[in-house]
Amino acid sequence: MRLTVIGTGYVGAVHAACMAHIGHEVLGVDVDAERIAALTSGRPPFFEPGLSEMLRKAVDAGRLRFTTSPVEAAWFGDTHFICVGTPQHDGSGVADLRHVEAAVDGLAPYLHDSGYERVLVVGKSTVPVGTADRLARRLNAAAPGAEVAWNPEFLREGCAVQDTLRPERIVVGTRSEHAEARMRTLYAPLLDAGTPFIGTDPSTAELVKVASNSFLATKISFINAMAEICDATGGDVLTLAEAMGRDSRIGPRFLAPGLGFGGSCLPKDIRAFTARAEELGLGDSVAFLRQVDDINTRQRRRIVDMAERLVGDNFAERNVAVLGAAFKPRSDDVRDSPALAVADEVRRRGARVRVHDPEAVDNARAAYPALQYALNVAKACERADVVLHLTEWPQYRELDPAVLATVVRTPAIVDARNALDPVAWCAAGWTLCAPGRPRLG
Ligand code: NAD
Ligand code: UGA
């Protein structure tokens, strides 16, 4: 099939490469000419394991091309995926749909003479319920007969290729049998491999996405609330999470207590869902999401306070080493990164902060130019009064605490992700604090 992918960011670039990989002819479209030039030469504009190989192969095989031209996109194929960003409006939780509307408006005038009879525009961006139907009316004003379907994306950064090629489900909301049949054909290689297909209407598809992210966010905030209770009562949140997670009705995943969730999606998605529900007069139904958000933001302050206590309640003149800048490991994405929010608050309170991250330093520097950055862990930790472990990259777990103890001024660490082995660190002379756990050393 010939399809376009409009918006070639984290979702679009991966989707375009994977659709070409399963045999389709794909045209990737973006307004960012630099991004298009990089992708054309087979270079992804961000770090995502496995993407660069797949991209190169698809480009070399001639199944994947890129352009900035909406006309070329409209004439290339009959199925157009919309993968542009839906950020949060400044100062409110409401989703900003400007890019989605611009993507549809860009295609619309050229669709009638594209030569294709039944054009299908498929949204993958995360949007408030009701968006697909509204876009369909907007699209039909210029391109009568063109349909809009919604096919929400569930990939996680860091394993986006695997999540796209072997998703746990494909959800597609359509208003016609023809559109659903086309989507089944498009995804046939994945469906043949056993991926469940859930066909529904566009509104339900839009809701599945925001409800899923809200549930994941709630699970994380639930365990972080338990960490707060453990801190006050001397309990151990890791044991609690393990014991809860062994109940198969609860399950162990997304019960990792610590600094909480960040990134470009969970925080903005729960706020946009709340805003949309309020708009519909249904604010009470999702009022708990405000608490989920509050618990989450509170964890950042808790970690800063924990670190401040370790340096004698005053950050002035203190050196603070920060391990991790990305919002999660295996990603260079720093959008709403809890690690950088903590690092910057510590700097604001008077400390000299040096940040290390294996992949995200360039993005971090662009977002937080006032912080200092180190090329390696030893440099970040040189003469540190406290080390903050904020993003749980696997390589930080492999650090030798005895070696690092010789570099710092005081062997004190906050393990904000509950990912280090406290016994090993304390045996090497460190004081280790972690949310929801008794202080050791
Ligand atoms: P992103 O910011 O990385 O990429 C968006 C891309 O769209 C950019 O390259 C931008 O230049 C381009 N763009 C903007 N306006 C355009 C237009 N009119 N025409 C063509 N291109 C345009 O965003 P992302 O992280 O890939 O997220 C995209 C959507 O998918 C969002 O709604 C997000 O909530 C959702 N989502 C993201 C993830 C994720 O892990 N990042 C996962 C699932 C769903
Ligand atoms: C999340 C969802 O997992 C994806 O299914 C969804 O497609 C995506 O949002 C989206 O809509 O954009 P992602 O943001 O890539 O994916 O990352 P996650 O692995 O979900 O982690 C999100 C945040 O939660 C990270 O900051 C992570 O550190 C934190 N987290 C995760 C915890 O604090 N505890 C946990 O137990 C799990």
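What volume does the second largest pocket have? It comes to about 230 Å³. The model is predicted: local features need pLDDT of at least 70, side-chain atom pairs count only at pLDDT 80 or more, and totals for chains, interfaces and linings use all residues. Residues are numbered from 1 along each chain as its sequence is written, and side-chain values use heavy atoms, without hydrogens and water.

A pocket here is an open set of points on a 1 Å grid over the protein atoms alone, where a 1.4 Å probe fits, with protein on both sides within 12 Å along at least five of seven lines; lining residues have an atom within 4 Å of a point. Volume is the space filled by probe spheres set on the points, which are joined across faces, edges and corners.

The second largest pocket is lined by 15 residues. D231, M306, R309, A434 and R437 lie nearest its centre. Helix α13 (288-310) is among the suppliers and gives the most, five residues. Helices are DSSP runs (H or I, at least four residues), numbered from the N terminus.

Now turn to ligand 1. 27 residues surround ligand 1 (a heavy atom within 4 Å), and the closest are V11, D30, R35, T86 and K268. Domain 1 (2-200) and domain 2 (201-441) both contribute to this shell, so ligand 1 lies between them. The domain bounds come from an automatic or database assignment. Helix α5 gives the most to the shell, with three residues.

Key. Chains lettered and ligands numbered in written order. Helix = DSSP H or I, 4+ residues; strand = E, 2+ residues; numbered from the N terminus.
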